[in-house]
Amino acid sequence: MLTLQRWAIVALMTMLAVVPAQAQVDPGSAERLLRRSGLWVQLDGVAAQVLQGLHEAAAQSGRTPPPGEAERLAAAARAAYAGDRLRSVALRQVAQELSPQHLPALFEWYASPTGVLMTRLEEQAAADTRGTEALMGEGQARWDTLGAERRARLDALLQASGSVDSALSITLNTVAGVRQGLASVMPPGEGPTPEATRALLAEQLPRLRPAYEQLLRASSALIYAEASDEQLQAYVGFMRSAPGQHLADLLLRVLDAAFLDGATELGRRLAPPPGPSA
């Protein structure tokens, strides 16, 4: 799947869609698949993205947390969204929900030269430390130079992988943690409330999808620049296959669960300690 670590913080978390497990795979196979898919490495960068969102949200609001609270908020965010924590959620859900019948085909793809290349490109993109504006500017400039056939292949990959839905889900769940964290450290009445968040989403959510589609087009042009047309077409074929679709749907639910868990843990860590008993 496309790397999903650089999306603007603009929305609220969605409800987690839970699909009952029909069978389970062993934890070793689940971990191996997460590593081969690249998600294992990509989850390491989530905490940094949440911290960036916290800084941006505070700057946009024109308010800053009281002295000492910014450091407490940052420490809580790093702990709540730590890669190891998110991976434990992902590992558990993949072991419970992955259909064992698809494992051979999935491992065959990720062991293939094209599968290895695609994972490497996505991991490299996730580890890029340049700012979002610079990356998107470069990606858009590259997209503008592409021919119709190359653009069509990248669009097909975005559709088959469900990358727009995944990016929206990550953004929605991340902002839940961001706003919950800010509300927890601001003086009463100054932090964003759940009601304000819902109102914000009601206004902005319908406009998110077109913007994300363009954002991901630019990102895909940059991420997969090294891949040939034939390799891209093979990737699309894999993502459209039954095993590929099963994995894409599952990883979307995994990301929902991981980010919801992170937001919940952030709120727990920032909750004020109980007062002394009377």
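Let's start with a charge and a ring: Arg32 lies over the face of Phe107, 3.8 Å from the ring centre. By "over" I mean that NZ of Lys or CZ of Arg is within 6 Å of the ring centre and within 35 degrees of the ring normal.

A word on what we are looking at. This is a predicted model, in which local features need pLDDT of at least 70 and side-chain atom pairs count only at pLDDT 80 or more, while totals for chains, interfaces and linings use all residues. Residues are numbered from 1 along each chain as its sequence is written, and side-chain values use heavy atoms, with hydrogens and water left out.

Now the overall picture. The chain has 13 helices and zero strands; helices (H or I, at least four residues) and strands (E, at least two) are DSSP runs, numbered from the N terminus. Of its 278 residues, 48% count as buried, meaning under 20% relative accessible area with a 1.4 Å probe, protein chains only; exposed is over 50%, and partly exposed is in between. Among contacts with a separation of 6 or more, 92% join residues 24 or more positions apart, where contact means heavy atoms within 4.5 Å.

Back to the rings. How many aromatic pairs does the count come to? There are five aromatic pairs. Rings of Phe, Tyr and Trp (its six-membered ring) pair if their centres lie within 6.5 Å; planes under 30 degrees apart count as stacked, over 60 as edge-to-face and the rest as tilted.

Take Tyr81 and Phe259: their ring centres are 6.4 Å apart and their planes sit at 50 degrees, so this pair is tilted. The partners come from distant parts of the chain, 178 residues apart, with Tyr81 in the loop between helix H4 (69–80) and helix H5 (83–97), and Phe259 in helix H13 (residues 242–270). Are they buried or exposed? Tyr81 is buried at 0% relative accessible area, and Phe259 is buried too, at 3%.

Next, please look at Trp109 and Tyr235, a stacked pair with 5.7 Å centre to centre and 15 degrees between the planes. Trp109 lies in helix H6 (residues 103–111) and Tyr235 in helix H12 (residues 229–240), so the pair ties together parts 126 residues apart in sequence. Trp109 is buried at 11% relative accessible area, and Tyr235 is buried at 2%.
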